[in-house]
Amino acid sequence: HLSINYYSIGTDMDKLITVKAADDVTDEYKKEAKTWTKWDSKSRKAFNYNYNQEERVLVLEGSATLTPIVGADDEKVDDIVIEAGMSVIFHVGFNCKWKITKRMKKHYKVFPGENDAEDVEEEATITCDVCGKGCMPESYFVEDGELDICPKCFDKDKEKYSGAEHQKEGQKFVEKKTSKKKTTAKKETPKKKEAPKKKVSLTKKAAPKKKK
């Protein structure tokens with residue numbers, strides 16, 4: 001049985017995360033999880049997330065390393081590794097950095113408090129694998145190594161990242177080409193040649209004389 005609990009600094013009663021090994025996840029939990037929202041990390045590699053509401057998760061595929069973010073600089077907390085089959089409950093107040101080590105798919109559901117809105121979605125984030133800066137609005141995805149590259153790092157070494165997929169908001173971006181209309185010159189219809197006018201002789205020919 002794997003159950004990991006972290007406590008906020010100064011409070012021993014605040015449980016922030018609970019992780020269960022795949023063998024300990026009940027059939028009832030798995031059945032319920034099938035009705036939850038399905039999430040796919042796709043090209044996302046790393047992002048920070050602060051849980052303001054309780055979230056329950058069942059990892060279907062892949063793996064990730066969670067690094068808890070704590071308030072005190074001298075507070076050392078071990079990383080948490082979650083893998084396929086595990087269940088995770090993120091309690092209110094848990095703040096961490098996600099690092100997707102293998103493309104992940106999961107079922108998840110947010111359980112809002114009494115004064116919270118019902119529908120809450122995770123904020124989409126893409127972080128550059130070279131400089132570590134966020135680049136959600138525009139990025140380049142390199143399939144070899146599953147790297148996300150920000151435009152600045154991409155421009156520095158375009159040859160290295162040749163063949164990368166240009167993305168905007170995490171989706172493939174295809175620039176629309178404006179088709180130029182070809183102006184074709186109107187062909188002039190050839191003028192019909194007028195038949196040459198017959199010349200009319202005004203001089204009357206003399207009638208031939210009758211032979212006697």
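This briefing covers the fold, nonpolar cores, aromatic contacts and selected residues of one predicted protein model. The protein has 212 residues, of which 31% count as buried (under 20% relative accessible area, with exposed meaning over 50% and partly exposed in between, for a 1.4 Å probe and protein chains only). It has 2 helices and 11 strands, taken as DSSP runs numbered from the N terminus (helices are H or I with at least four residues, strands are E with at least two). Residues are numbered from 1 along each chain as its sequence is written, and side-chain values use heavy atoms, with hydrogens and water left out. In this predicted model, local features need pLDDT of at least 70 and side-chain atom pairs count only at pLDDT 80 or more, while totals for chains, interfaces and linings use all residues.

**Confidence**

- The mean pLDDT of the protein is 78, and 66% of its residues reach 70 or more; pLDDT is the predictor's confidence in each residue, from 0 to 100.
- Over residues 6-14, pLDDT stays under 50, and the model has 18 contacts beyond four places in sequence for this stretch (contact means heavy atoms within 4.5 Å).
- Where pLDDT is low, the predicted coordinates should not be read in detail.

**Fold and surface**

- Along the sequence, the elements follow the pattern β-α-β-β-β-β-β-β-β-β-α-β-β.
- Among contacts in the protein with a separation of 6 or more, 67% join residues 24 or more positions apart.
- The accessible surface comes to about 16600 Å², and carbon and sulfur atoms hold 49% of that area (Shrake-Rupley method with a 1.4 Å probe; for residues, only the protein chains shown count as cover).

**Nonpolar cores**

- The largest nonpolar core has 23 residues, and those with the most contacts inside it are Ile17, Leu66, Ile82, Phe90, Phe94 and Trp98; such a core is a set of buried Ala, Val, Leu, Ile, Met, Phe, Trp, Tyr and Cys residues joined through side-chain atoms within 4.5 Å.
- At least two residues of this core come from each of strand 1 (17-20), strand 3 (46-50), strand 4, strand 5 (80-83), strand 6 and strand 7 (95-111).
- Strand 7 gives the largest share of this core, 6 residues.
- Apart from this core lies another, of 11 residues, among them Cys128, Ile149, Cys153 and Tyr161.
- Leu66, in strand 4 (residues 54-68), is buried because its relative accessible area is 0%.
- Beyond four places in sequence, Leu66 is in contact with Ile17, Asp79, Ile80, Ile82, Phe90, Cys96, Lys97 and Trp98.
- Leu66 and Asp79 are 13 residues apart in sequence, with a C-alpha to C-alpha distance of 5.6 Å.
- Phe94 touches Leu16, Ile17, Tyr49, Asn50, Tyr51, Pro68 and Ile80, leaving out residues up to four places away in sequence.

**Aromatic rings and charges**

- The structure holds 11 aromatic pairs, in which rings of Phe, Tyr and Trp (its six-membered ring) have centres within 6.5 Å; planes under 30 degrees apart count as stacked, over 60 as edge-to-face and the rest as tilted.
- One aromatic cluster is formed by Trp39, Phe47, Tyr49, Tyr51, Phe90, Phe94 and Trp98.
- Trp39 also has the charged end of Lys106 over its ring, 4.6 Å from the centre (NZ of Lys or CZ of Arg within 6 Å of the ring centre and within 35 degrees of the ring normal).
- The charged end of Arg56 sits over the ring of Phe111, 4.1 Å from its centre.

- Ser87 lies in strand 6 (residues 87-90) and counts as buried because its relative accessibility is 6%.
- Thr18, in strand 1, is buried, with a relative accessible area of 11%.
- Thr18 and Ser87 are 69 residues apart in sequence and 8.2 Å apart in space, C-alpha to C-alpha.

**Strand 7**

- Arg103 is found in strand 7 and counts as partly exposed because its relative accessibility is 39%.
- Arg103 is in contact with Asp40, Ser41, Lys42, Glu61 and Gly62, leaving aside neighbours within four places in sequence.
- From Arg103 to Gly62 the separation is 41 residues in sequence and 5.1 Å in space, C-alpha to C-alpha.
- Tyr108 is also placed in strand 7, and at 8% relative accessibility Tyr108 counts as buried.
- Tyr108 and Ala33 are 75 residues apart in sequence and 7.0 Å apart in space, C-alpha to C-alpha.
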